[in-house]
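Here's a quick briefing to keep beside the viewer. Have a look at the chain first, then go through the notes by topic.

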Amino acid sequence: MRADMAAAYLDYRNTSELARAVARGEAPPPTGYHGTGRSREPVWSKAVIDNLTGPAKATEIDSRRKKDLASLV
């Protein structure tokens, strides 16, 4: 998918925010490029994005959140 679609899919406001997240390692880098020269555009694989942000990651985050909440009691 194109950068604008990947940004929307990952819930970033725009492609600049996606680019900053990729640079910080918070979002997956492009899986390839379409075009040549100045018309070259990064593209992302939905399968790769889903694999990196899928249920396993959500479970990991949920378990950390529960531990953090338990420490507040």
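The protein has 4 helices and 2 strands, and from the N terminus on they come in the order α-α-β-β-α-α. Bear in mind that this is a predicted model, with a mean pLDDT of 84 for the protein.

**Confidence and overall make-up**

- A pLDDT of 70 or more is reached by 74% of the residues.
- The protein has 73 residues, and 21% of them count as buried.
- Take the contacts between residues at least 6 apart in sequence: 32% of these join residues at least 24 apart.

**Helix α2: the buried face**

- Which residues of α2 (residues 15–24) are buried? They are Glu17, Leu18 and Ala21.
- Looking down the axis of α2, you'd find these buried residues within an arc of 100°, so they line one face of the helix.

**Helix α2: residue by residue**

- Leu18 sits in helix α2, and its relative accessible area is 1%, so Leu18 counts as buried.
- Leaving out residues up to four places away in sequence, Leu18 touches Ala3, Ala6, Ala7, Leu10, Tyr12, Ala27 and Trp44.
- Ala19 and Ala3 are 16 residues apart in sequence, and their C-alpha atoms are 8.8 Å apart.
- Thr15, another residue of helix α2, has 37% relative accessibility and therefore counts as partly exposed.
- Thr15 touches Ala3, Asp4 and Ala7, if you skip residues up to four places away in sequence.
- The C-alpha atoms of Thr15 and Met5 are separated by 8.8 Å, and the two residues are 10 apart along the chain.

**Helix α2: the two ends**

- What caps the N-terminal end of α2? Asn14 does, with a side-chain oxygen 3.1 Å from the backbone nitrogen of Ser16.
- After α2 comes Gly25, and its phi is positive, near 85°.

**The loop between α1 and α2**

- Asp11 is found in the loop between α1 and α2.
- Asp11 isn't a glycine, yet its phi is positive, about 65°.
- For context, most residues other than glycine have a negative phi.
- Is Asp11 buried or exposed? Asp11 counts as exposed, because its relative accessibility is 68% and the cut-off for exposed is over 50%.

**Strand β1**

- Gly32 belongs to strand β1 (residues 32–34).
- Setting aside neighbours within four places in sequence, Gly32 is in contact with Glu41, Pro42 and Val43.
- For one of these, Val43, the C-alpha to C-alpha distance from Gly32 is 5.4 Å, and the two are 11 residues apart in sequence.

**Rings**

- How many aromatic pairs does the structure hold? The count is 0.
- Tyr33 does have a charge over its ring: Arg40 lies over the face of Tyr33, at 4.1 Å from the ring centre.

Terms used. Residues numbered from 1 in each chain as written. Predicted model: local features only at pLDDT ≥ 70, side-chain atom pairs only at ≥ 80, totals over all residues. Heavy atoms only, no water. Phe/Tyr/Trp six-rings, centres within 6.5 Å; stacked < 30°, edge-to-face > 60°. Lys NZ or Arg CZ within 6 Å of the ring centre and 35° of its normal. Buried < 20%, exposed > 50% of the residue type's maximum accessible area, 1.4 Å probe, protein only. Arc of directions from axis to C-beta. Polar contact = N/O pair within 3.5 Å; in protein donor to acceptor, adjacent residues only side chain to side chain. Contact = heavy atoms within 4.5 Å. pLDDT = per-residue confidence, 0-100.
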